[in-house]
Amino acid sequence: MLRKKAQLKIQEMAFVLVAVVFLFSLVFLFYARFQNTQMIEQAQVLREFRSATLLKVVAGLPELQCSLQGQGISVCIDKDKLAEFSEMQADYSELWSNSNIAKIEIEEVYPGSEKFLVYSRPANNTITYSTYIPLCAGGYQAKCAIAKIKIATITPIK
Amino acid sequence: MINKKGQEEVMGFVLIVLIIIIIGVVFFAFSLRKSGESVWQKSSEADDFLNSILAYTTDCKPSSGGAYLSVKELVRECADKSSTQYTCGDITSSACKAANSTISAIFKELQADVSDRPVHGYNLTVTNAPSIAVAIGNQNGSSFISSVSIPLGPPSFDDAEVKMRCWYPRNSTA
């Protein structure tokens with residue numbers, strides 16, 4: 001009788017332990033999945049932040065930036081400088097390649113649709129970031145259009 | 001009687017464990033569900049888009065002569081309650097009407113996308129200039145919101161705040 005009672009108690013404990021282990025493994029599984037989702041979202045946010053910084057750096061180059069009597073006046077690109085700069089791809093290729101940049105393109109989106117290729121090289125895995133920027137021409141009394149600056153960066157192979 | 005009591009205890013344990021498992025599954029199912037995108041979101045690309053629109057040089061200049069004004073300058077003139085008339089192409093109008101029509105034209109013609117989401121509607125308002133109010137396209141779904149302050153001149157020396165919302169389909173993915 002006592003033995004049967006003990007066996008019953010042991011079986012009880014075994015079932016409880018199995019259930020608890022199952023419960024905790026379920027909890028761990030869901031927690032790991034949740035953390036994975038959070039990390040992917042954070043990586044995306046960091047990637048976007050890095051791309052925004054990169055776009056501002058390129059747009060802020062003195063070779064491209066609008067200037068009023070030699071001083072940068074705002075975040076905008078000088079169309080006349082851009083046209084000349086597009087002819088000098090080879091001179092700046094080392095700078096762009098060291099930054100993992102595959103392509104830099106500036107496209108006027110309103111009111112015109114002119115495109116300027118600043119830099120380009122063959123690359124397989126790329127991701128393109130873009131933002132809007134004023135594109136101004138004419139010096140002091142510049143006329144500004146709305147343009148889009150696009151930068152394709154090389155991503156690590158997965 | 002002892003047998004029944006033992007069985008009751010086992011059933012009790014099993015029931016408690018099952019309840020805990022069900023509560024845990026329901027809780028994590030809710031927490032893992034992808035939350036819908038916020039109706040209002042900030043985006044640096046939306047801020048750049050608004051700044052580019054404000055920097056755009058219109059084809060409007062004072063009727064008495066002078067340089068072409070940017071959208072920002074027209075908005076400032078409107079918020080300052082300027083009575084100057086402006087000629088935009090063949091049309092003469094106030095600063096507020098000129099700003100309104102220019103911004104509307106930009107929104108209608110530009111196929112914009114912000115943070116890789118296709119924009120299907122725009123909404124732009126200016127504090128201190130209620131006559132500038134542009135609403136183009138579908139005003140439903142999720143949106144990016146952006147605002148820029150424009151300092152005004154005398155006598156108010158206040159700021160006119162330009163607020164823009166770019167609407168895109170709720171379930172569109174980047």
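In this predicted model, B:Leu15 lies in helix α1 of chain B, which spans residues 2–32. The residue counts as exposed because its relative accessibility is 52%, and the cut-off for exposed is over 50%. Together with B:Ile19 and B:Ile23, B:Leu15 makes a nonpolar surface patch of about 300 Å².

Over all chains, the disulfide count comes to 4. A disulfide is a covalent bond between the sulfur atoms of two cysteines. In chain A, with the bonded cysteines numbered in sequence order, the pairing is 1-2, 3-4. A:Cys66 and A:Cys76 form one disulfide, with sulfur atoms 1.9 Å apart. A:Cys66 sits in strand β1 (residues 65–68) and A:Cys76 in strand β2 (residues 71–78) of chain A, 10 residues apart. Both A:Cys66 and A:Cys76 are buried.

A:Cys136 and A:Cys144 form another disulfide, their sulfur atoms 2.0 Å apart. The torsion about this S-S bond is about 105 degrees, so the disulfide is right-handed. A:Cys136 is buried, at a relative accessible area of 5%. A:Cys144 also counts as buried, at 12%.

In chain B, the pairing in sequence order is 1-3, 2-4. B:Cys60 and B:Cys88 form a disulfide with sulfur atoms 2.0 Å apart. This link is right-handed, with 110 degrees about the S-S bond. B:Cys60 lies in strand β2 (residues 60–62) and B:Cys88 in strand β3 (residues 85–88) of chain B, so the pair ties together parts 28 residues apart in sequence. B:Cys60 is buried at 1% relative accessibility, and B:Cys88 is buried at 13%.

Conventions. Residues are numbered from 1 along each chain as its sequence is written. Chains are lettered from A and ligands numbered from 1 in the order in which they are written. This is a predicted model: local features need pLDDT of at least 70, side-chain atom pairs count only at pLDDT 80 or more; totals for chains, interfaces and linings use all residues. Side-chain values use heavy atoms; hydrogens and water are left out. Patches are made of residues with over 30% relative accessible area and no salt bridge: like charges are joined within 9 Å, nonpolar side chains (Val, Leu, Ile, Met, Phe, Trp, Tyr) within 5 Å. Accessible areas come from the Shrake-Rupley method with a 1.4 Å probe; for residues, only the protein chains shown count as cover. A salt bridge is a side-chain nitrogen of Lys or Arg within 4 Å of a carboxyl oxygen of Asp or Glu. Helices (H or I, at least four residues) and strands (E, at least two) are DSSP runs, numbered from the N terminus. Buried means under 20% relative accessible area, exposed over 50%, partly exposed in between (1.4 Å probe, protein chains only). A disulfide is a pair of cysteine sulfur atoms within 2.5 Å.
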